[in-house]
Amino acid sequence: MDQLMFERSTGNVSAGLFARLHTTKLLNSLRPAPGFRFDGGERVVATPVAVPSGQSDDEHAAFSIWAHQAGVNALALERFDGRILISGGSDATIKIWDLEQCGNPNPAYTYRPVSSIARAGQPPQPLSAARRGTGAGLTARPSTSPAGPVDKAAGHRFGITHLSFYPFDSDAFLSCSYDQTLKLWSTRNARVSGTFDLGAKVYTHAISLIASHLLVACGTQHPAVRLVDLRSSAAVQSLISPGQLGGSAGANLAVAWSPVHEHVLASGSVDGAVRIWDIRKSNGLIGLLDQEDSLGILRPGRAPPPGTFPEGTLQARGIRQSARAHHGPVNGLTWTDDGEYIVSAGHDRKIRIWSSATGANTLANFGPTIRNSHVGSLGSSMLVSPTGLTSVKKEILIFPNETEILIMDLHEGTIITRLRGMGPSMAAVRAGRGGERTVKNRLTSVVWRGAGGFAGSSGVVMGGRTTAGGLYSGHLDGQIRVWIPQLDGFDNEDEDEASQEVADVRAKKRKVLDDAFKSLMGRQITFS
């Protein structure tokens, strides 16, 4: 870092290059931050757990708090200031957190929600002053005002599947659920502004970051992609291709709008197909991604006949109707911020990178370490570093690999680092009627903390006002975990820590040798 600062001060490194090099270093140094906890105010409702031996009551209490005791299903983090985090639980509750409650990112801190939205049919959970977070500009209150009547039908009835912020203002956010509804909420007051019943389980949704329209694309249990217009409060269009109805297409698990073309949408379904749509057309299907095509539809010798592009049929444009992007359900889709590439993930344990201009498979190989068996959608958990934060063609892919977070080179597929430390493999979470159930702990959602987001960018600056950036992950054990970059300290601090580590390693080796000789020869041998 000192060398990089020297090069910048002498003018050998431009400001843009300096920012990219430093950001890349921060991304490569992400590490767990167990000192940051999220306490949703819930407490054990079943049989109390005994305090393990050797652990004090205070230490045990620190590990007996949850963001959502029933498990965290979804997260969303606004891209303008990197401040407001929203979490959705398996118990249909939604909680709003202010990440600027912690002014100093160095000591340990426990976040508390500023607002809580209860499950439909239940009164809002009151947040006591001791257990309620506060933040400038955010109102700390439950989903309804204490002075007014309690609207028990405002929340969702079943588990939350996906959350996202309104693309132009963080004062509103969207949620969808297994209860077949999409809801629009006010962030400041935690009140519902609109409810859309889609008649099928809603696995995911997406709203364009650049469009003048306010269409929300919803991936549901139905083969058609449903488009909901927030202006007219109605489902205005269904996108479906010939052969899908009555066929094997099944549910749509992933949807993603193009960050460049406001009318272009990508969807991934259970049959392994990734379809590209133009919502302006009556027959909106304009492309299918084919894992066997590494050259693309616009290569020499394969140009469409004059006048048939883009109005011609798929066959006229050289696209197979049976083309498949994966050999299993596609539950992850995202675009790079510049719109040049599409990233897809499927149950065949493959991640594929596609050229959005030609539809060609770039053949990036991510190896056999990918694990992806979740029935639902990955939502926005598959992240690509925003354009400009890294060098050209050096974008970073962040992938939720069930029990770890993989940080990989987007184009080479090589693993840069693995983020582990997700807690126990099995966890007891709250079930209905006050009971408990044991679930296999799994990573469910990952969000990127960035600021300065605009247009199609997810945040051109890493971090917010109180931190240098990081990742926030939700888990089925009810925890929200934090991963922050390792910042440079004073040289003498590093040397002191290194010397202490070396001394500890030597002491351990000496003890092992002493014990080995003692067991072999029957008497204690020491080395001076």
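Good morning. Please bear in mind throughout that the model is a predicted one.

Let us stay with D348. Where does D348 lie? It is found in the loop between β22 (341-346) and β23 (351-355). Is D348 buried or exposed? Its relative accessibility is 18%, and buried means under 20%, so D348 counts as buried.

What surrounds this residue? If we leave aside the neighbours within four places in sequence, D348 is in contact with H326, H327 and G328. With H327, the atom concerned belongs to the backbone: the backbone nitrogen of H327 is 3.0 Å from a polar atom of the D348 side chain.

D348 also takes part in a salt bridge, and its partner is R352. The closest N and O atoms of the two are 3.4 Å apart. R352 has a relative accessibility of 13% and therefore counts as buried.

That brings me to salt bridges in general. Side chains of opposite charge can pair when their charged atoms come close. How many salt bridges are counted here? The count comes to 10.

In the pair formed by D271 and R275, the closest N and O atoms are 3.0 Å apart. Both D271 and R275 are buried. The side chains of D278 and R280 also meet in a salt bridge, with 3.0 Å from N to O. Here D278 is buried, at a relative accessible area of 5%, whereas R280 is exposed, at 58% relative accessibility.

Salt bridges can also be linked to one another. One network of them connects R83, D98 and E100.

Finally, I turn to the cysteines. A disulfide is a covalent bond between the sulfur atoms of two cysteines. How many disulfides does a search of the whole structure find? The search finds 0. C176, for example, is in no disulfide, and the nearest cysteine sulfur, that of C218, is 6.8 Å away.

Thank you for your attention.

Terms used
Residues numbered from 1 in each chain as written. Predicted model: local features only at pLDDT ≥ 70, side-chain atom pairs only at ≥ 80, totals over all residues. Heavy atoms only, no water. Disulfide = S-S within 2.5 Å. Salt bridge = Lys/Arg side-chain N within 4 Å of Asp/Glu carboxyl O. Buried < 20%, exposed > 50% of the residue type's maximum accessible area, 1.4 Å probe, protein only. Helix = DSSP H or I, 4+ residues; strand = E, 2+ residues; numbered from the N terminus. Polar contact = N/O pair within 3.5 Å; in protein donor to acceptor, adjacent residues only side chain to side chain. Contact = heavy atoms within 4.5 Å.
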